[in-house]
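Hi there,

Here is the structure I promised to pass on. Have a look at it first, then read my notes below.

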Amino acid sequence: LVLVLVPALAMAGWWYWRNQVLYGSWLGVNELLAANGLRQEPLTWGSAKGEFRGLRYSFWGLFGWFNILLPGWVYPLMDALSLIALAGLAVGVVQGWRRRGAAFWTDPATWVRVMLALWAAMILGLIAYWATFATSSQGRLLFPAISAFAVLMILGLAVWTRRLPARVSGLLLAALPLLLAGCSVYTVAVTIPDAYRAPAPVTAIPADATPVELRFDAAAPIRLRAVSLPDERFRPGDWVPITLYLSADQPLDQDYQLFIQLLDEKGQAIGNVTTHPGWGRNPTSLWTPGAIYADEYDVLIDQPVDDRSPLLATVYVGFIDPVTEASQERLPLPAFDAAGEQVTPFVGHVVVEPSRPLEFGELNLEVSAARFGDVIELGGYRYPPLTAIDASEPFTVTLFWNAIGQPATDYTAFVHLRNSDGETVASYDRAPAGERFPTRYWRVGDRILSEFPLILPSSLESGEYALWVGLYESASQGDVHLPVTDDGGLRSGDGEVMVDGVVVE
């Protein structure tokens with residue numbers, strides 16, 4: 001007991017005392033939980049699998065903030081050696097018991113191994129219990145039993161290697177510590193330096209990058225020369241890769257933070273990264289004037305997207321004014337285009353699809369199959385019964401659109417309410433998905449749900465009216481209609497179909 005407690009108190013006694021003085025608790029467990037966070041959702045088999053993978057990886061070697069790994073082959077190799085050693089321990093116990101009988105259990109060496117196994121099992125059990133309510137299953141929590149794991153692993157492997165010639169057995173057992181030592185050297189010499197080394201300037205901007213030519217802050221100009229955005233589509237929970245090509249016209253005496261945001265049609269951020277260039281590895285104060293730096297980022301879409309249509313998210317890039325950085329304002333530096341005009345630095349778009357696409361059967365719509373230009377189909381419609389007129393209440397028509405082709409330009413949809421003489425008494429024009437998702441970005445399979453509120457005149461007379469729906473090229477201001485290529489059994493006219501008759505009482 002003395003041999004155990006005296007070294008423990010000599011090494012860590014000051015820490016227990018410090019916890020007691022600061023927190024009133026010698027272990028400080030509650031304070032640790034407050035810092036790391038309690039688990040919000042119960043631990044499931046699926047989440048436990050991920051936790052166990054992180055536990056193993058960080059035990060063998062995982063650096064940074066769980067983002068800098070050893071070479072990928074190291075982890076499955078160590079998993080395999082661990083399983084082989086575990087099987088060897090079981091075989092060794094069975095063989096020893098069969099060979100020596102009851103004497104095997106009275107051998108002090110056996111009980112040393114049993115105590116090592118119990119100590120390792122106790123630590124594993126405590127970590128399993130910790131994982132049920134805490135969010136940090138990290139390999140360092142296994143370190144109190146690292147000597148037990150090491151001895152047991154060698155004992156298990158030796159069960160298999162001793163079947164080989166002594167020289168071969170010794171070489172195989174020596175390979176494991178040499179491998180681990182090599183991983184340590186590789187980490188210090190290669191992995192960590194590569195992860196934190198400032199990126200070198202690029203010699204040229206790639207041809208497939210989109211030129212931007214924005215300048216931030218006239219006093220200390222930072223230039224965004226170009227940007228590379230992905231063509232593919234994304235969903236909430238995905239990471240969007242974005243590369244900025246940055247330079248400075250003169251030496252910068254401050255370290256400016258930059259931000260990249262993905263904005264929805266209302267200007268609300270659905271993804272955001274705020275950091276220093278190069279994720280902190282390439283601060284602006286170290287930039288070489290005139291050099292161009294390729295700054296790569298992955299922006300997480302961490303907000304849901306309404307399922308009424310895909311979203312054309314706007315990419316917003318800027319730098320934070322250092323004067324406001326410490327305050328809650330964190331104002332961006334002013335941005336100027338190539339002509340010197342102050343602009344909002346929107347640099348492109350990314351298409352984000354809803355996590356769950358629209359299901360027609362859940363919308364309670366009248367079925368339609370009218371097609372316009374063989375690229376857009378009016379798949380369904382709905383409107384409320386018109387039995388009373390109230391000029392203050394819009395008469396809202398809901399339309400469901402299917403993309404059956406690739407529209408070549410932006411189209412505007414219209415809904416017109418006409419009397420028996422063909423006169424329009426109420427109308428509403430808008431892009432099918434508004435500014436949220438212009439039709440030139442549609443592709444086959446897209447589904448869009450849109451609403452058209454018609455303001456009815458208070459003097460509207462009782463009688464029969466007709467609802468007409470169509471599409472026209474937005475740039476034509478209504479002059480160039482998208483032709484009806486299949487009326488789907490509906491009455492049709494010049495680039496329009498009559499979806500239904502309406503009786504006003």
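What volume does the largest pocket have? About 1,500 Å³. This is a predicted model, where local features need pLDDT of at least 70 and side-chain atom pairs count only at pLDDT 80 or more, while totals for chains, interfaces and linings use all residues. Residues are numbered from 1 along each chain as its sequence is written, and side-chain values use heavy atoms, leaving out hydrogens and water.

A quick word on terms. On a 1 Å grid over the protein atoms alone, a pocket is an open set of points where a 1.4 Å probe fits, with protein on both sides within 12 Å along at least five of seven lines; lining residues have an atom within 4 Å of a point. Volume is the space filled by probe spheres set on the points, which are joined across faces, edges and corners.

The largest pocket is lined by 49 residues, and Ala85, Leu89, Phe149, Leu152 and Met153 are the closest to its centre. By class, the lining has 35 nonpolar (Ala, Val, Leu, Ile, Met, Phe, Trp, Tyr, Cys, Pro), seven charged (Asp, Glu, Lys, Arg) and seven polar residues (the others, Gly among them).

Now for the second largest pocket: its volume is about 1,000 Å³. Among its 22 lining residues, Trp15, Tyr16, Leu27, Leu141 and Pro144 lie nearest the centre. Helix 6 gives the most here, with seven residues.

Cheers

Technical notes. Helix = DSSP H or I, 4+ residues; strand = E, 2+ residues; numbered from the N terminus.
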